[in-house]
Amino acid sequence: MQEELINLRNEAIAQISSVENTIDLEEIRVAYLGRSGKFTLLVKKIKDTPSEKRKEFGITLNESKNTLERLISDKKQEMIKSISEKRDWFDLTMPGSKLDLGHLHPLTKVLKEVKQIFNFLGYQIADGPEIESDYFNFEALNIPKDHPSRDTQMTFYVDTKGTDLKPSETILRTQTSAMQGRVMEKMKPPFRVLAPGRNFRYEQVDASHGFEFWQVEGFVVDKNIHLTDLFGTINYVLRELFGKEIKTRFATTNFPFVEPGVDTYMQCTICKGKGCSFCKNTGWSEIMPAGMIHPNVLKNAGIDAAKWNGFAFAIGLSRIVNLRYQIKDLRTLTTPDMRILSQF
Amino acid sequence: MLIPLSWLKEYVEIKLPLKDLMWKMTEAGLTCEVTKKVGDEVVLDVEVTANRPDWMSILGVAREVAAIQGIKIKEPKIKEIPAATANFPIDLIPNFDLFERWSAIVIKDVTIKPSPKWLQERITSMGHSPINNIIDITNYVMYELGIPMHAFDYDEISGQIMTLEKASGGENFTSVDGESYKLPEGAMIIKDAERIIDLAGIKGGQNSGIKNSTKNVLLHVTIDNPVLVRRASISMGLRSDASAIYERGPDKGGTVNSLKRAAGLILELAGGEIASKVIDFKKENFEPKTINLTFGKLKRILGIEIPESEIIRILSSLSLYPEKIKDGITCTVPTYRGDIKIEEDLTEEVARLYGYNKFPTTLPVGQVAEEKIPYFFDDSLILKIKDILVSCGYSEAKNLSLVSKALVDKFETDPKDYFKLINPVSLEYEYLRVSLIPSLVANIKLNPVDVLKLFEIDKVYLKTLKGANEKYRVAGISTGKDFRDFKTVIDIILSKLNIENCSIEFEVDKKYLHQSVAGVIKSGSHIIGEFGEISPVVLSAMEISGKVYCFEMDMETLEKLSYTKLFSSIPLNPPQIEDITLVLPPKTRVGEVMKAIKNSELKITNLELRDIYKDSYTFRVWYQDNSKNLTDADVKSIRDRILTLLKSKFGISLKD
């Protein structure tokens with residue numbers, strides 16, 4: 001019995017030392033040490049061993065099993081190590097198999113960023129009608145009928161036949177500022193509002209004009225809002241969008257719904273102020289008209305202008321997208337050509 | 001507005017380098033970004049905002065340039081009108097609703113001839129051609145002082161009477177430059193005893209204009225109703241320097257001064273003598289107004305404390321005559337600054353000349369609204385669907401909201417269901433879309449590729465009796481794929497949004513969809529949208545070959561039905577999974593079969609269609625019970641129950 005055990009052990013050792021892969025090694029382990037392996041079966045023979053030899057047999061059997069387990073484990077480690085050190089040729093330059101993903105429109109991407117920036121500053125997003133009344137688009141904003149400033153916002157009139165809408169009062173909104181009156185007359189201050197959306201102006205189409213374009217209107221009404229807050233907000237937002245190193249400067253302008261009125265120029269991000277076709281060689285881009293809300297606008301909406309004041313601004317979203325990606329022609333954004341879309 | 005530099009320098013010295021001055025002007029609101037050359041003259045091209053009629057004049061711009069540089073201007077020397085040597089009768093009948101002020105004078109025995117060289121050069125540098133001394137003088141004084149004026153041939157004013165009227169519409173009028181017009185209703189006209197002699201605020205009449213033979217001149221300076229001038233000039237498409245000034249409302253206090261200036265120049269350059277007294281009809285005495293500015297308000301609006309001395313310096317430099325009062329300043333606002341009406345306007349004057357770019361910057365420190373604002377809009381579902389679609393291979397299109405009648409017709413939709421523009425830029429862009437699909441289908445022509453997947457999420461404009469119902473929709477089109485490949489996107493959207501109880505209705509009311517390969521997607525009784533193939537008739541009209549699949553869903557309905565599913569713990573007992581192949585009789589809808597299987601047996605936790613071969617459909621079935629491990633016998637009994645059901649309901653049998 002003892003001899004049989006030793007022979008079996010030697011046979012196993014010989015097999016372990018000559019084995020070449022981990023699968024064969026595992027087979028050897030099962031053959032000798034598995035549930036019905038040769039050593040496992042020998043354990044059952046202990047009771048057949050004469051009692052005086054039983055102890056010695058037991059000890060040798062245990063030692064043999066331990067030895068084999070150690071040898072197998074060492075062999076396995078050795079083999080894994082040698083596999084990992086072995087350098088086979090493999091072509092890593094093979095392209096991955098194709099998965100066709102789509103592309104988000106750049107307007108979506110930039111608008112998402114803009115909203116995040118303003119959400120952080122406590123603004124809520126509002127969405128309003130594009131088929132708008134003359135009242136909210138103009139009159140609520142201190143722009144009476146026949147006001148010359150309407151020249152810069154030539155208007156599309158909507159045929160109201162078949163509806164109860166008032167003819168000649170129903171237009172396509174020319175500015176998201178139309179949301180000022182809508183929100184203000186329905187809510188008591190304080191509030192901070194961001195109203196993105198599509199606008200329409202009667203303009204002949206060229207590389208820098210379209211009759212449909214996107215704007216983001218923002219306005220704040222509170223107890224003590226200052227011009228310095230407006231400057232600070234504009235600078236903060238433009239830096240978040242275009243990077244800390246951009247330069248801005250402010251100029252006076254006139255819109256009937258603000259006083260004082262502000263125009264924002266950003267140093268052209270494309271030529272860094274040297275002058276290029278984007279900035280019409282001025283080195284600066286007009287980017288965010290703004291101002292302190294005119295007291296008449298607050299009064300029109302039933303807000304006490306002695307108690308509350310605020311600021312408003314508009315961001316030309318299409319223009320921001322163009323600057324971000326250096327797109328020269330505004331029409332690119334409304335041309336769903338995959339050669340354009342797949343770049344985003 | 002053009003500002004010839006040498007003319008500007010007559011009234012103000014230019015101390016800053018031109019480029020710096022131009023930026024300072026822009027900063028102060030008188031946008032000046034470009035210069036041009038007219039002969040040897042450098043001309044500034046300034047953009048004048050709608051509130052500043054005074055900047056529509058060289059003198060007005062000179063005042064601003066002086067204030068920016070902190071220096072004084074040299075006012076033009078305007079002589080008093082000499083006494084009349086004759087009294088030519090003229091009867092002006094005022095109407096203050098049309099002319100708030102009407103100042104006039106008659107000059108006799110003038111000699112019409114070309115202007116001297118200096119005057120011709122001034123007119124040329126303003127971009128116009130010199131005509132004769134009288135007309136050039138009226139234009140010169142308008143450019144210099146900013147109020148339009150007109151010279152009539154006195155002897156052509158029939159009956160020596162001038163009355164003001166609004167045109168009733170359709171009258172014929174020939175202007176001084178020989179053009180003929182039909183007058184729009186409401187245009188202001190001046191009539192003499194017989195005829196229309198002037199289209200007020202826009203153009204003079206040919207009949208009463210200055211001719212080479214003119215001897216006697218009636219010169220008038222008027223303040224015309226800005227609204228009426230604007231309406232008439234827009235409707236006639238006649239925008240002139242004069243109409244641009246009138247729309248902004250020029251200096252009501254300055255008419256007589258302009259009259260003096262022009263009369264003086266006429267006597268000097270055309271000879272003649274004064275032949276009437278100065279006529280001056282005015283609605284009221286237009287005099288400087290006082291407006292107060294409190295330091296508290298200034299600080300509240302601007303957010304900085306500007307020293308009192310600086311405030312006074314700025315307001316004086318603008319000739320607003322500031323005087324200290326308790327807690328503030330009172331200003332006397334000249335009549336040419338009609339734009340300054342309220343305290344806020346004075347704060348802008350202080351701020352803009354103090355220099356916007358000297359201000360520190362802050363962020364608002366006030367409160368943030370706790371409640372939701374009106375029109376509050378949460379676009380998170382829109383963004384989620386966009387992400388789903390992008391991962392399904394769809395690219396986002398942005399199409400115009402305005403579409404052509406041709407597209408409306410090609411999609412066999414009824415133009416009456418659309419909002420339409422009264423004044424479209426072109427017939428290509430006349431109707432407001434009621435579906436996103438037509439434009440997306442049109443986009444196929446931009447993209448000559450084998451496989452195209454486009455989507456758009458935006459508004460459609462539905463016409464209702466009450467007005468416009470603007471609704472967000474999500475729509476997509478797909479080419480070059482078979483039906484099952486296309487349908488994936490709909491399954492994914494509905495399942496990612498956890499929309500339950502979905503069903504398909506086979507009748508669609510949209511003519512642009514295929515009669516048999518299109519349906520309505522519903523969830524319970526809610527209609528989510530439509531999907532299917534575009535009708536071959538539409539595709540042929542669009543000259544598109546191959547199949548085009550599309551879907552369009554209503555965002556509001558998706559938003560309503562979509563919800564956040566709660567977590568369910570992983571079942572402890574493993575499922576039994578098997579593939580079974582069923583033979584479906586012809587015209588059996590496999591979706592209904594699958595629904596019947598899932599609805600009839602709770603222990604079938606998942607079911608997938610793996611393969612279709614002729615009438616054989618192979619499904620993979622997951623059997624699972626949360627309370628115990630299913631045995632082969634359990635599975636068999638479930639399978640048998642299902643097969644019995646399918647047999648009786650659909651006549652389906654197990655494939656041998």
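Which residue is the bridge partner of A:Asp159 in β21(B)?

## Strand pairing between the chains

The partner of A:Asp159 is B:Lys420 in this predicted model. Strand β3 (residues 158-159) of chain A and strand β21 (residues 419-421) of chain B run antiparallel and are joined by 2 bridges. Two strands pair if DSSP finds at least two bridges between them; strands (E, at least two residues) and helices (H or I, at least four) are DSSP runs, numbered from the N terminus.

## The interface

Chain A and chain B each give 94 residues to the contact (heavy atoms within 4.5 Å). About 8,000 Å² is buried between chain A and chain B, and carbon and sulfur atoms give 58% of this area. Buried area is the accessible area (1.4 Å probe) that two parts lose on being put together, summed over both.

The rule finds 5 salt bridges across the interface (a side-chain nitrogen of Lys or Arg within 4 Å of a carboxyl oxygen of Asp or Glu). A:Glu130 forms a salt bridge with B:Lys459, with the closest N and O atoms 3.7 Å apart. On the side of chain A that touches chain B, helix α8 (residues 227-242) gives the most, with 8 residues.

## Basis of the model

Residues are numbered from 1 along each chain as its sequence is written, and chains are lettered from A and ligands numbered from 1 in the order in which they are written. In this predicted model, local features need pLDDT of at least 70, side-chain atom pairs count only at pLDDT 80 or more, and totals for chains, interfaces and linings use all residues, while side-chain values use heavy atoms, with hydrogens and water left out.
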